[in-house]
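Student: I have this one open in the viewer and would like to go through it with you. Where would you start?

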Amino acid sequence: MRAVVYDEIGASPEVRDVPSPEAPAGGVVVEVHATGLCRSDWHAWAGHDDIALPHVPGHELAGIVASVGVGVRDWSVGDRVTVPFVEGCGRCEWCLGGDAQVCPAQEQPGFTHWGSFAEYVALHAADTNLVAVPDDVSFEAAAALGCRFATAWRALTGRAAVRPGEWVTVVGAGGVGLSTVMIAKALGAKVIAVDRNRGALAAAEALGADAVLEADGSDVPAAVHELTSGGSHVAVDAVGSEATCADAILSLRRRGRHVQVGLLPPVDGHPRVPMARVIGWELDVLGSHGMAAVDYPGMMALIASGQLRPQTLVERVVGLEEAAVLLPLLEQAAPAGMTMIDPRPAAG
Ligand SMILES: [Zn+2]
Ligand SMILES: [Zn+2]
């Protein structure tokens, strides 16, 4: 099969022929029809994750089951499927309790094994992790769910428990941030989007953001407190930096809920978070790490009915060759919206 491969950390990815994967016991091989290009793929390429080389990236995917390993109960060749980026083992207490997103024995395509920037990808514990894609949901829309959209959904519903009429401040309007804006609006919240990039803010407005703030060095929390008469009920840091995390937390009203979605790099060994405000105002600081397959049906129903439209976040579809060029550029030139890859040969 053809795949995007890199042989060393930071080396130029190239498209070449590699052996197709075989279905593991309990798992499947999926023919990839759509796979998202994500900043997490860049983090692995840049050496921030522990990966084996040579490596094939890609963890946000949808496609058709091409072969089935021994012991799979619920899935057959030809099924339209997607998968969360965290694949739980299906056997531990967290998986059995419906929280495969924090499974200690989790697998992640594109990290723990070869991913989906390829014609085929192996997926583990199919009965725990596969999600059926209805016929009226496109593969592009389904692939958009695997990482960023499902993470945004769970951050707002499973973690922050957003209620209609509440203010939600979203810091960062890239793929996960715009997903958060769209979902918060669908949940009946009032939304403020914050970003450095005016194009990203325009995209947030198009998705229904009630207000946008340019992070141009001005006092973002003060502006949020002004707009919301005392602070936001919920804040989401969709970027993951000391500044964006602090802006999100300091934008909250007393007893507000913060969800950290962007990976927060350490400063001198630990991330710096404004804990004095967290304590004094009794803020909840919540982590969010994707979403288990078992939680997909509610979200998928809203997509099938057209109330949520993740496909509108897809800005462009490219082939494997262009994906290989774009991957190393993701840090400097994070494009607006999502870039989707179609690895099938006809797609070029
Ligand atoms: Zn598990
Ligand atoms: Zn991702």
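**Backbone, zinc site, sheet and salt bridges**

Tutor: I would start with Asp268, which is exposed, its relative accessible area being 75%; here buried means under 20% relative accessible area, exposed over 50%, and partly exposed in between, with a 1.4 Å probe and protein chains only. This is a predicted model, in which local features need pLDDT of at least 70 and side-chain atom pairs count only at pLDDT 80 or more, while totals for chains, interfaces and linings use all residues. Residues are numbered from 1 along each chain as its sequence is written, chains are lettered from A and ligands numbered from 1 in the order in which they are written, and side-chain values use heavy atoms, with hydrogens and water left out.

Student: OK, and what's the phi of Asp268?

Tutor: Asp268 is not a glycine, yet its phi is positive, at about 50°, and the residue sits in the loop between S12 and H9; helices (H or I, at least four residues) and strands (E, at least two) are DSSP runs, numbered from the N terminus. Ser229 has a positive phi as well, near 55°, in a residue other than glycine, and belongs to the loop between helix H7 (220-228) and S11. At 66% relative accessibility, Ser229 counts as exposed.

Student: Which residues does the cis peptide bond join?

Tutor: Leu53 and Pro54 are joined by it, with omega about -5°, and Pro54 is found in the loop between H1 and S4. As background, most residues other than glycine have a negative phi, and most peptide bonds are trans.

Student: Switching to the metal, what are the protein donors of the zinc ion?

Tutor: For the zinc ion (ligand 2) they are Cys38 (SG), His59 (NE2), Glu60 (OE) and Cys147 (SG), lying 2.1 to 2.3 Å from the ion. Donors are N, O and S atoms within 2.8 Å of the metal (3.2 Å for Na, K and Ca), and water is not among the atoms, so sites may look incomplete.

Student: Why is the arrangement tetrahedral?

Tutor: Because the 4 donor atoms around the zinc ion subtend angles of 94 to 123°, and four donors count as tetrahedral if all angles lie between 85 and 135 degrees.

Student: And how are the donor residues spaced in sequence?

Tutor: The spacing is C-x20-H-E-x86-C. Cys38, in the loop between strand S3 (28-37) and helix H1 (39-45), and His59, in the loop between H1 and strand S4 (61-68), are 21 residues apart and link distant parts of the chain. Cys38 and His59 are both buried.

Student: What about the open sheet, in what order are the strands?

Tutor: The 6 strands run S10-S9-S8-S11-S12-S13 with parallel pairing, where two strands pair if DSSP finds at least two bridges between them. Strand S10 (211-214) and strand S13 (284-287) are the edge strands, each pairing on one side only. On average, neighbouring strands are turned by 20° against each other, direction ignored. Helix H8 (residues 242-250) packs on this sheet, touching strand S8 (167-171), S11, S12 and S13, and its direction makes about 145° with that of S12; axes are lines fitted to C-alpha atoms, for helices over the stretch in contact, angles run from 0 to 180 degrees between N-to-C directions, and contact means heavy atoms within 4.5 Å.

Student: Which residues of H8 are buried?

Tutor: Thr244, Cys245, Ala246, Ala248 and Ile249 are, and they pack against S8, S11, S12, helix H9 (275-280) and S13.

Student: Last topic, how many salt bridges does the structure hold?

Tutor: There are 13, a salt bridge being a side-chain nitrogen of Lys or Arg within 4 Å of a carboxyl oxygen of Asp or Glu. One of them joins Arg80 and Asp135, with the closest N and O atoms 3.6 Å apart. Arg80 lies in strand S5 (residues 80-82) and Asp135 in the loop between S7 and H4, so this pair ties together parts that are 55 residues apart in sequence.

Student: Is Asp135 buried or exposed?

Tutor: Asp135 counts as exposed, at 71% relative accessibility. In another salt bridge, Arg163 meets Glu166 at 3.2 Å, N to O; there Arg163 is partly exposed at 49%, whereas Glu166 is buried, with a relative accessible area of 7%.

How values were computed. Four donors count as tetrahedral if all angles lie between 85 and 135 degrees; four count as square planar and six as octahedral if opposite donors are over 155 degrees apart and all others between 65 and 115; anything else is irregular.
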